[in-house]
Amino acid sequence: MITDSEFLIIGGGVAGLTTAIALQSINREFVLVEQRQVLRGIGAGFGLAANAMQALDLLGLKEEIEKIGYYLDNYHILSEKGDILFKPDTNRISSRYNQKNFAIHRADLHQHLLSKIPTEKILLGRRAVKLEQESNLVRVFFEDGTVHTAKYLLIADGVKSLLRQQLVPSSTPRFAGYTCWRATIDNSKIKLSTGFETWGKAGRFGVTPLVGNRIYWYACVNGKPNDSYLKNTTVVDLYNRFIGYHDPIPRILQGTNNEDLIWSDIIDIKPLNHLAYHNILIIGDAGHATTPNMGQGACQAIEDVAVLTDELKKNKTTIDAFQSFEKRRLARTHYITETSRQIGEVAQWEHPWSIAIRNTLAKALPNRVKQYSLSKLLSKDFMKENN
């Protein structure tokens, strides 16, 4: 059997890059292929909660990544007037894993991960469009006409993965009902020191500081998928929409330029029944893309890599490792995907009466009730088998 590599990783995002580093650490041979011509993190910021930091610790990556992340000691959910609705217990998250919570810019994380991988192991500018699977190898066909053969295929090319959709035709992305703008701006004048997310009738607005005296912000608004009006929204449009929200939201928008804006609809995929397909494994957003409402998208991708590495270290075949990975990951990722979608539906309520009831309950309910979703997420150690 002649192959081009032992492992073929499709996708150069957080999941793919972290997997490449992990395989390298256990002396497994790989090639990573990415469709973009230049590999850099797009988007803006995201959270690395304590469970992700624990996974990075297990992978030997935590200490350096902590240096490029912004430590978050709290993160509140607020009303549009600035009243506290929820106070997620970030200290509990930290103590559960004995780790801290961070916010990081995607480009910073990508650049750091990329620096750990030999350039000859990465092929750029190749879009995977089709696969052929045999019992002892997988062929992947690329848009440019090239073909790569490997013993094992790791599909990590995100929510819109064509290879996943070939394996599972029903796994097309599903629209969550709202769209999102993101930006990273300077923090010199605003001097934001902590993050928050605000829920109101105009939509949601979230902010968090980043290292380098920067702010990452996002705004989520209900709409139709791929709406041309929303796609062409300007900073002035967003300012006029959110002008009634509490400080510093209007000032943040005043400090943003149109060229800073990144726009996309929010999508996920319906939870899959399988992640392992003999010598093929689907990981990261390709396998369990979730809406961002629990801040667990990148976190779950990194957890995937820690669990996969743990399985590959054991004295078993790689195919058996893939099957064990699936058993350990399916229930957890299913829960996060569906719970995050439900949270987003409630957070995006627009009707004044619904908002009033939600906010009243949020202030009145005891913390243990309000934090049920978070508590369930943290109740089990993701590295333990048979969870």
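**Entry 1: E34**

I looked up E34 and found it buried, with a relative accessible area of 5%; buried means under 20% relative accessible area, exposed over 50% and partly exposed in between, with a 1.4 Å probe and protein chains only. The model is a predicted one, in which local features need pLDDT of at least 70 and side-chain atom pairs count only at pLDDT 80 or more, whereas totals for chains, interfaces and linings use all residues. Residues are numbered from 1 along each chain as its sequence is written, and side-chain values use heavy atoms, with hydrogens and water left out.

I placed E34 in strand β2 (residues 30-34). Helices (H or I, at least four residues) and strands (E, at least two) are DSSP runs, numbered from the N terminus. I then listed what E34 touches, not counting residues up to four places away in sequence: G11, G12, G13, L39, L123, L124, G125 and R126. Contact here means heavy atoms within 4.5 Å. For G12, I noted that its backbone nitrogen lies 2.7 Å from a polar atom of the E34 side chain.

**Entry 2: Nonpolar cores**

I took a nonpolar core as a set of buried Ala, Val, Leu, Ile, Met, Phe, Trp, Tyr and Cys residues joined through side-chain atoms within 4.5 Å. The largest one has 73 residues, and I10, L48, V140, L153 and L281 have the most contacts inside it. Helix α11 (residues 297-313) supplies the largest share of this core, 9 residues. I also recorded a second, separate core of 23 residues, which includes V221, V235, F242 and I252.

I checked the neighbours of I10, leaving out residues up to four places away in sequence; among them are V33, A128, V140, F142 and L153.

**Entry 3: C299**

I found C299 in helix α11. Its relative accessible area is 0%, so C299 is buried. Beyond four places in sequence, C299 touches G47, L48, A49, N51 and A52. I noted that 243 residues along the chain separate C299 from L56, while their C-alpha atoms are 9.6 Å apart.

**Entry 4: Sheets**

I counted two strands as paired if DSSP finds at least two bridges between them. Between β3 and β7 (residues 102-105) I recorded 4 bridges, and the bridge partner of G47 in β7 is A103.

Another open sheet has 7 strands in the order β6-β5-β13-β14-β15-β12-β16, with mixed pairing. Here β6 (84-86) and β16 (262-268) are the edge strands. Strands β12 (residues 174-186) and β15 (residues 214-222) run antiparallel and are joined by 9 bridges; T184 has Y216 as its bridge partner in β15.

I then looked at the helices lying across this sheet. Helix α8 (residues 235-242) lies across β12, β14 (203-210) and β15, at about 75° to β15. Axes are lines fitted to C-alpha atoms, for helices over the stretch in contact, and angles run from 0 to 180 degrees between N-to-C directions. Helix α12 (residues 318-347) lies across β12, β13 (195-200), β14 and β16, at about 80° to β12.

**Entry 5: Domains**

I recorded domain 1 as 5-72 + 99-173 + 270-356 + 367-383 and domain 2 as 174-267; the bounds come from an automatic or database domain assignment. Their C-alpha centres lie 25 Å apart. In contact across the two are 31 residues of domain 1 and 26 residues of domain 2.

Conventions. A polar contact is a pair of N or O atoms within 3.5 Å; within protein, one must be able to donate a hydrogen and the other to accept it, and residues adjacent in sequence count only if both atoms are side-chain atoms.
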